[in-house]
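Open the model in your viewer and keep the selection tool ready. This tour goes stop by stop, saying what to select and what is there.

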Amino acid sequence: MTTRILVVDDESTIRTLIEYNLSQEGFTVDTAEDGDEALQKAEGQDYDLILLDLMLPGKDGLAVTKTLRQEKNATPIIMLTAKDSETDKIVGLELGADDYVTKPFSVKELLARIHAVLRRMEAPTEALATGRVVTFGPLTVDIDGLQASLRGAPLTLTPKEFDVLAYLVQRPNRVISREHILDAVWGVDYPTETRTVDMQISHLREKIEANPKEPQYLQTIRGFGYKLTQPTSEVSK
């Protein structure tokens, strides 16, 4: 089956440029020019990826991302933004975007980001592809089946959230640096930053912790990284 991508941008020249180059790569492309149309299409059809402009008439890209994630739509989102501030990037990642590309961008860079996200969708990284089901306390992670559950209840995770959890659950009670997580999940040559890891950990805490502000499982080891551990109360049961 061909890969379907939704391109959302209010500038017709940019939509046309992206649509042409993605079509040349063999992708099936749909387009939308505002946030309302983007939500209508994303909610009514299945896409493998959404390229979403931050500045849109009506609902902006952040509002669209927030709505999709609240509806448990885990389609990967790459945000296109003319803003280069760290705040804009962080807010987008916090709401559930998977990556961002700052305008003006080269077609080569955009395609590289798209292929990187799609590779993570299709299969975990080599380090994760063990074909095992790992159980750690109340967490169960089917690494080959790309599914996870907490106390038997399925978790709705984005591809990157799953990859981060799968990487950590295979290394329980070990302190893993942000750089190591970044290399394992995103790839050594992937152009992103360690702040992205922090965002994914924050998302995971929202989904597996009773109180994300006082995490029991995903522990921050200040100055070093993160550790997946099991609370004493869980161990003693």
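Is Arg151 buried or exposed? Arg151 is exposed, with a relative accessible area of 53%. Here buried means under 20% relative accessible area, exposed means over 50%, and partly exposed lies in between (1.4 Å probe, protein chains only).

This is a predicted model, in which local features need pLDDT of at least 70, side-chain atom pairs count only at pLDDT 80 or more, and totals for chains, interfaces and linings use all residues. Residues are numbered from 1 along each chain as its sequence is written, and side-chain values use heavy atoms, with hydrogens and water left out.

**The whole chain**

Show the protein chain as a cartoon. Its secondary structure comes to 9 helices and 11 strands. Helices (H or I, at least four residues) and strands (E, at least two) are DSSP runs, numbered from the N terminus. Now colour by accessibility. Buried residues make up 50% of the 237 residues. Turn to contacts, meaning heavy atoms within 4.5 Å. Among contacts between residues at least 6 apart in sequence, 58% join residues at least 24 apart.

**Asp9 and its surroundings**

Select Asp9. This residue lies in the loop between strand 1 and helix 1. Its relative accessible area is 0%, so Asp9 is buried. Leaving out residues up to four places away in sequence, Asp9 touches Ile14, Arg15, Ala32, Glu33, Asp53, Leu56, Leu80 and Lys103.

The side chains of Asp9 and Lys103 meet in a salt bridge, at 2.8 Å from N to O. Asp9 sits in the loop between strand 1 (4-8) and helix 1 (12-24), and Lys103 in the loop between strand 5 (99-102) and helix 5 (107-122), so the pair ties together parts that are 94 residues apart in sequence. A salt bridge here is a side-chain nitrogen of Lys or Arg within 4 Å of a carboxyl oxygen of Asp or Glu. Lys103 is also buried, with a relative accessible area of 15%.

Asp9, Asp53 and Lys103 are linked in a network of salt bridges.

Which bond joins Lys103 and Pro104? A cis peptide bond does, with omega at about -5 degrees. Pro104 lies in the loop between strand 5 and helix 5.

**Helix 2 against helix 3**

Select residues 35-44 and residues 61-70. These are helix 2 and helix 3, whose axes come within 10 Å and cross at roughly 25 degrees. The axes are lines fitted to C-alpha atoms, for helices over the stretch in contact, and angles run from 0 to 180 degrees between N-to-C directions. Helix 2 and helix 3 are therefore roughly parallel to each other. On this scale, angles under 35 degrees count as roughly parallel, over 145 as roughly antiparallel, 65 to 115 as roughly perpendicular and the rest as oblique.

The crossing of helix 2 and helix 3 is right-handed: the near helix is turned clockwise from the far one by less than a right angle.

Show the side chains at the contact. On helix 2, pick Gly35, Leu39, Ala42 and Glu43; they meet Val64, Thr67 and Leu68 in helix 3. The residues of this contact divide into 4 nonpolar, 2 polar and 1 charged. Ala, Val, Leu, Ile, Met, Phe, Trp, Tyr, Cys and Pro count as nonpolar, Asp, Glu, Lys and Arg as charged, and the others, Gly among them, as polar.

A search of the whole structure finds 11 salt bridges. Stay on helix 2 and select Lys41 and Glu37. They form a salt bridge, the closest N and O atoms being 3.5 Å apart. Being 4 residues apart in helix 2, they are separated by about one helical turn. Lys41 is partly exposed at 22% relative accessible area, and Glu37 is partly exposed at 25%.

Next, select Asp198 and Arg178. Their side chains meet in a salt bridge (2.6 Å, N to O). The pair links distant parts of the chain, with Asp198 in helix 8 (residues 194-208) and Arg178 in helix 7 (residues 178-186), 20 residues apart. Asp198 counts as buried at 15% relative accessibility, whereas Arg178 is partly exposed at 22%.

**Two positive phi values**

Return to Arg151, in the loop between strand 8 (147-150) and strand 9 (153-154). Its phi is near 50 degrees, a positive value in a residue other than glycine.

Finish at Asn173, in the loop between helix 6 (159-169) and helix 7. Asn173 is not a glycine, yet has a positive phi of about 60 degrees. With a relative accessible area of 46%, Asn173 is partly exposed.
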